[in-house]
Every structure is written in C-alpha cells, then in structure tokens.
Amino acid sequence: MLIGGILVITQKNPVHSALALIVTLLAQASIYLMLYAPFVAGVQIILYAGGIMVLFLFVIMLVSIEQSMKERQFNSQWVVGTIAAVALGGLFIAVYEKGKNIFPNRALSIVENNNTQRVAVLLYGQYMFAFEIASLLLLVAIIGAVVMAKKRI
Amino acid sequence: MHAIIDYISSYLTSEKTPGAAGNMFWVLVYIMLVFAGLSVAVIAMNWLERKILAHMQVRLGPMRVGPHGLLQPIADAIKLLLKEDIMPAEADGFVFWMAPLIVVLAAFTVFIVVPFGPTHAITDMNIGILFMLGVSSLSVLGIVMAGWASNSHYPLMGALRSSAQMVSYEVAMGLAVVSVILLTSLHGHGLYGVGGPGTGDTGTLSMIGIVQAQQEQGVWFIFKFFPLGLIAFFIFAVAMVAETNRAPFDLAEAESELTAGFHTEYSGFRWSLFFLAEYSAMIAVSSIAVTLWLGGWLRPFPNLMNGPTWDQAFSFIPAITFLFFAAMCFYNTVRMPKHPLFRVQTIGLAGFGVVLGLIGLALFIPPVSVRVQDIFWFSAKVAGFMYVYIWFRGTFPRYRFDQLMQLGWKVLLPMGLGVLILTAALGLWPLIQQTIWHP
Amino acid sequence: MESMLHITTLHYLVLGAALFLLGVIGVLTRRNVVIVLMSIELILNAVNLNLVAFSRMWGGLHGQIFSIFVITDAAAEAAVGLGILIAFFRNKETVNIDEVNLLKW
C-alpha cells in the first residue's frame, strides 16, 4: 500500500498515478478484511475502486494531458511543502511518544460472521439521522457536479 | 504422512465450504475445479453460440473442423495463440499490457463465492453478493484503460461508451439485488451466516444463505410476492445483458459501427483474454441471477412435488440428460455422409457419444448421483441463461447509445425503486396492518 | 520477539500516518490538479484506516459506520471537485495549479 501511495504522488503520467491509486485502494480493502470489517471492505471496493476511480479516469481522459506531461512536475513551492510535511511527521512522532502506553499490547479477538447484520442494526437505528443527511449530501453533490460541468447554465 | 492424510480427510466430514473450514488443500482443489469448469464452459459457449445463431438464421454454422464443428473452438484458440502480437506505436505500454489482465482478473475472481451447492463453494463470505457486484465493477476500469492505452479514437470512443453503459446499469442491478436481499429476512431464524439467538430476524448477504432462505420459505424468489419477484428478475436480466456488453446492448463492440470498439487494437492472445473475460462475466452474472431468483441448486418444485419418490425421480434427471446427448450423438453418427473422407469425423462423433454415454451411466451410481445433484441443477439453470443470451443476440436489433442510456436511467431505475418500496411494504405487511388498524 | 508477531493497533496507526503524510506531500507539491485530488483521496483513506483500526481495538462498530460515511463523503467531494476541474479547464486550457492566480496582486 505504501508503494502504491508513493507511486501516486511521484508519477508523471496521471493515468499511471490513477492506476497506483487503484492498487492502493484494493490493498486498503484487504487491510479492512484483516481488521474484521468485511462490510467496509466491500463498500470500499464497490464505491472507491469501482466508482470514484472510474470517474477520475473519465476526467483524465477528457482533460488532455499531453501538454501538461511535458512541463515540470513539482510546483514552485515544493521545498516549503516538503518541510511542512516533515514537520507534520515530527508532530505525529511526538504524539506517539507521549501516548503509546494507552494501547493494549495484544489485539482483541472478536471473530464474527454477522458483521453486516450488526452494522445494519447500528446504521438504521442509532445513526438513522446521519444516514438521511448523507443521502441529502449526495443529492446536493450530484446537482452541484452537473451544474459545474455544464457548458451553458 | 499421517498428518497430511488427516488434514486432507478432515475436511470431508465437516459440513462447511473449504474457505470456512480453513482447509487450504481443498480450497486449491476447488479453485482448480472451478477454473477448469469455467474454461470448458467458455469453449462450449463459443461453439454453442455459433451453432445456435446459425440455426436461428436457418443455416448450419461450422461443420467442417470436427464432426458438426465440435473442434472449431480449439482451432480458433490455436489460431489466436499463433497470431502476431501488435502494439500501436504511441500506445502506453504498461497500461496496454495491464488492461486485459484487470478485466480477466475481475471476471474470474467473482467465482470465489458462487455457490454450486450448500457446501460446494470455494468459500462463503458474509458479504457474498456485495463482493460479486463490487469485483464485477472492477472490469469497467480495465475497459477504460484498454480504450485509453490504444491511443486511437475508435477504441477511446468505444471504451467511454462501454464504461458509461456499464456504470449506469450497475445501479439498476444493485436496486434489483437489494429488493431480493430484503426477502431473505422474512422468516429468519438463524440462517447460515447469522449468529444464533439475539440477532433477531435478519437477512443475509451470503450467497449460500440466500439460497437457504429460498429453501426455507419454500418458494423461488422469482415467484415471491407475484409479480414483484418477476419484475425484479426482469430488471436484473436486462441490466445484466447491458452490463456484459452483449446484444442488444453491444454498441461498444458492434462490428458494423465501431470496428471493434475498445479491443480494436488488441490482437492474438490479448484479444482472446478479453473474449474469455466477456464469457466469464456472462456466466458470473447469470450465476448471480440463478442464485438470487431461481433457487440456486434447488431442484424444481421443492414443495409442490415433495416426498422421497419425487426426490428419487428427480435424481435420475442428470443421468438421463447425458444419455440423451449420447443418443443424439449416435443418431448424428448414423446420419453422417458415407464417404471415406468423413470416416475420421464419424469415428470422432461416435467416440464423443460413447464418452457422454459413459458419463451418463456413471451418474446412475447412487454415491455419485447424490453429490452431483446440486451442481447439475445449478449448471443446468446457468446453461439455460446462456441459451437466452444467445437467443437475445439472434433476435433483437441493436440499441442506439442514447436509447440505451435512457433505458438505464429513465426506465429501469424508477422501476427498480418502485419494486424495492413495494417489496419492503409487502414484506412488512403484518406490521403495517398492525400499526394502521390497531394502533 | 513475541511482540513482533502480533500486529497491534499501533502498526495500523503508523501505516495510516504514513499514508496521510504521503497524501499531504502530494497535495502540497504537485502541479497537476488531478493528482492533487488523488492525494486528497489518499488522505481520506488514511483517516478511514485509523477509524477502522480503532473500532477493532474497542470492539464496537461505530468506527466502521463512521468510515462508511467518510467514503460516501469522499465520493461526493470527488465528484464536485472534478466538476470544478472541468469548468476550470474549459476556461484556461491548462491543469496547472500555478496558473490559478487570478487573485494575485
């Protein structure tokens, strides 16, 4: 997954970058399976790898990239950007050093085969409001995307 | 040595699929079996398509290569393997190479969860149907990459059209599937994959669980809440034909319109990979349809004609089918022209008939017959779907692309939503009745 | 040696942090807008990984449900972002972020 991530940000060709992202997303789905979350893994494969990446590939094809591939790849502020990211990494390490005793030493062993059912009980029970709001958000996003990409409003 | 034999035979007494039992040896055996079966099925589909289309168009089809053209697919495979492998000049090498690979991987990985019987699946995931829908949507990526990497405008147009079509019909497929999943929760009392008491009446997404729900409710879901099951099945059938880019929705690869669509620039073995992936995807979505609506591995009329005598009578059907095919082979052997040049073909056909007859006789033996029942009924139903696919190709004219998209979004999507709401309402009818009339 | 064999929650968090850093570097240093959007997807994935890892640690399923909502939001945001990208490209004919300087004084 890390190799996929590194390839995403370093490739010159956006299509290769998108392929690396697909590999990263599929690796992420298998990590979800390792974390005993099969429903989230299934959703990740359908939505992310099968939906969002298709959208990305469509847009890459529509936006002609021949000219942009010949220019410089990293923008004019790359020094500052990298320093900021390294500082963020340092912050992460500091947080880890302070709080690493909270985590238990061994993982819980909850092997279950009714993960989807339990997710459904929670999703439609306790988080019903969030579910409805998410569907409203998707509606707004659809209308927004259609309006933004139209030739003439 | 003893440990290995114990490991191998310990699976035979457990009542689970190899994946659930964690037995790697049997997982590999099942994967080999499914792979081999799928390859044979694709080869048979190639021959059947040409013969059946030909007979529908009142002509004979391939007759020369083997007896009645039976060796034609093998000749095609040899030809494709020996063709030169062309790559267009400015094409993106890596993406060009990866595209058929992704499509084939997506088409074959789906078969992990296809249930040929209550324990005859490679594994049974908790999210079986979700996994199948998700992985079959990965093939859209391969098609987009194939069109892009060919660096010429015919494949690009074909790829864009084809992927837009596949993505639109995935939505309709998803809605039809969801309305069936609702039906699995109606009489739930600890179905396969659901934890015991305490989880209540819940449905399941696992493929084996869906067929067991049909077994428990005693009715195939196509006939449930008539006509809602039928309409959901109809929506899924249309969507699955569009999803696999087959006629009458094959504008993306139509030979007369776009040269060959997204696989124009592929030759030889790479093209045969696309072709293999297309047939495998057809078999995969037919398996979904058979599992969800037509009762999977259950024999017809499980409740109307039940009882041990009916079970026994139905258990003879696999053997009778093979003996029928052997009889047809012998009949055609007799009808072959009596010319010395045809001697090899006649002997070949007779030999094929003898092999089929032996298989048929072997299926009469009780232990073999008991094991083969589920697999036979499942394969017979999927074969029926394959015939319907070829029938559609021979009968319907092609849809124009805007008509295609209109059908997907403006007709199938509202129908799917309507079926979903009505199914949910009918499924909860006692509860609704209680709330409205006795508050 | 024993702790090397168990994959604890900490390992997942480190992986998530590494992905997050890669995404941040991608957002801050690339010129091509499409790759910036893809790096944002990397960041969201890292967040999801953290959520699901914590949900595993505590045994409840709230983290998984939150991550489903995050995936939904990522889809919506990718769609709108790409729509903006297309509108922008139609005006300026380039996908270079450095050229988006109409407000520069």
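Modeller: Helices here (H or I, at least four residues) and strands (E, at least two) are DSSP runs, numbered from the N terminus. H6 of chain B spans residues 128-136, and nine of its nine residues are buried; among them are Ile129(B), Phe131(B) and Met132(B). A buried residue has 20 or more other C-beta atoms within 10 Å of its own, with C-beta atoms placed from the backbone.

Please keep in mind that this is a predicted model: local features need pLDDT of at least 70, side-chain atom pairs count only at pLDDT 80 or more, and totals for chains, interfaces and linings use all residues. Residues are numbered from 1 along each chain as its sequence is written, while chains are lettered from A and ligands numbered from 1 in the order in which they are written.

Now to chain C, which has four helices and zero strands, with 54% of its 105 residues buried. The contact between chains A and C takes 68 residues from chain A and 59 residues from chain C, where residues in contact have C-beta atoms, placed from the backbone, within 7 Å. H3(A) gives the largest share of chain A's side, 13 residues.

Definitions and conventions: Buried ≥ 20, exposed ≤ 12 C-beta atoms within 10 Å, placed from the backbone. Contact = placed C-beta atoms within 7 Å.
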